[in-house]
Amino acid sequence: MNNIQHSSASNEAYTPTNVVEAARATMGAIDLDPFSCAKANEVVQASAYFSEFALDREWFGRVFCNPPGGTLDRTTLEPGSGYSSAAVAWAYLLSEYLSGRVEQAVFVCFSLNTFQNSQQVPGMRFAPYMFPFCVPSSRLKFWSEARPIGTKNQPAQPNALIYLGDNVDAFVEHFSPLGQVRV
Ligand SMILES: C[S@@+](CC[C@H](N)C(=O)[O-])C[C@H]1O[C@@H](n2cnc3c(N)ncnc32)[C@H](O)[C@@H]1O
């Protein structure tokens, strides 16, 4: 498994500042953003980020994860029709968290579809909704180089923000202003 890459516009859907700041306040800092680029990291300010081959590497520390969209071939996990890329990324994050390499994480579900299709990835033991999560009361305004922060946009999907880690009280405190939190 190596390369979540695809041509969908959702590939470059960067996280709004208020969500990143809530994640940073919850975890203390962001050590790794496994799916990113220089432009997105101007906001995320992760100490390290990957721009390719995220699923072939060890993840570590306090992770902020907003994976690319699109789908992957079920056998090769290369771009194709099959599993949701986000669902595969969730399964990978979960395995890195359960390994102990990842201490805490905030995972961005671009769409609530991830609640459903994460169950289709073999070996995925716990669905995102089994962890503390926030459903923002307004759809998140993702941004990109083509649609900078502040550009008027009409977000297409309702979202969820998942927390893995021990700082649950901090997650509730910092994400409740965005929408209702379930722990
Ligand atoms: C949805 S954007 C999120 C960017 C940033 N993490 C954020 O939240 O603002 C996904 C990013 O992952 C990058 N990407 C695509 N395929 C990747 C891969 N296989 N490994 C690592 N990064 C990848 C894309 O170029 C894009 O910058």
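How many of the residues of β6 are buried? In this predicted model, 7 of the 8 residues of β6 are buried, and the strand is therefore described as mostly covered. The pairing of β6 with other strands was examined next. β3 and β6 run parallel and are joined over 5 bridges, while β6 and β8 run antiparallel, also with 5 bridges between them. Ala105 of β6 takes part in both pairings: Val63 stands opposite Ala105, and on the β8 side the bridge partner of Ala105 is Leu164.

Val63 was considered in more detail. Beyond its neighbours within four places in sequence, Val63 is in contact with Met27, Leu32, Pro34, Leu93, Val102, Gln104, Ala105 and Val106. Ala105 in this list is also the residue of β6 that stands opposite Val63. The C-alpha atom of Val63 is separated by 8.4 Å from that of Ala46, and the two residues are 17 apart along the chain.

Ala46 is placed in the loop between α2 and β2. With a relative accessible area of 8%, Ala46 falls under the 20% limit and is therefore buried. When residues up to four places away in sequence are not counted, Ala46 touches Ile30, Asp31, Leu32, Asp33 and Asn41. Leu32 is also among the contacts of Val63.

The loop between α2 (38-44) and β2 (48-49) also holds Gln45. Phi of Gln45 is positive, near 55°, although the residue is not glycine. Most residues other than glycine have a negative phi. A positive phi near 55° is likewise found at Phe53, again a residue other than glycine. Phe53 is placed in the loop between β2 and β3. Its relative accessible area is 32%, and because this value lies between the limits of 20% and 50%, Phe53 counts as partly exposed.

Helix α1 (residues 17-27) has Val19, Val20, Ala22, Ala23, Arg24, Thr26 and Met27 as its buried residues. The elements covering these residues include α2, β3, β6, β8 and α5 (168-175).

Ser84 is located in strand β5 (residues 82-84). Its relative accessibility is 13%, which is under 20%, so Ser84 counts as buried. Not counting residues up to four places away in sequence, Ser84 touches Gly70, Thr71 and Asn117.

Note on methods: Residues are numbered from 1 along each chain as its sequence is written. This is a predicted model: local features need pLDDT of at least 70, side-chain atom pairs count only at pLDDT 80 or more; totals for chains, interfaces and linings use all residues. Side-chain values use heavy atoms; hydrogens and water are left out. Contact means heavy atoms within 4.5 Å. Helices (H or I, at least four residues) and strands (E, at least two) are DSSP runs, numbered from the N terminus. Buried means under 20% relative accessible area, exposed over 50%, partly exposed in between (1.4 Å probe, protein chains only). Two strands pair if DSSP finds at least two bridges between them.
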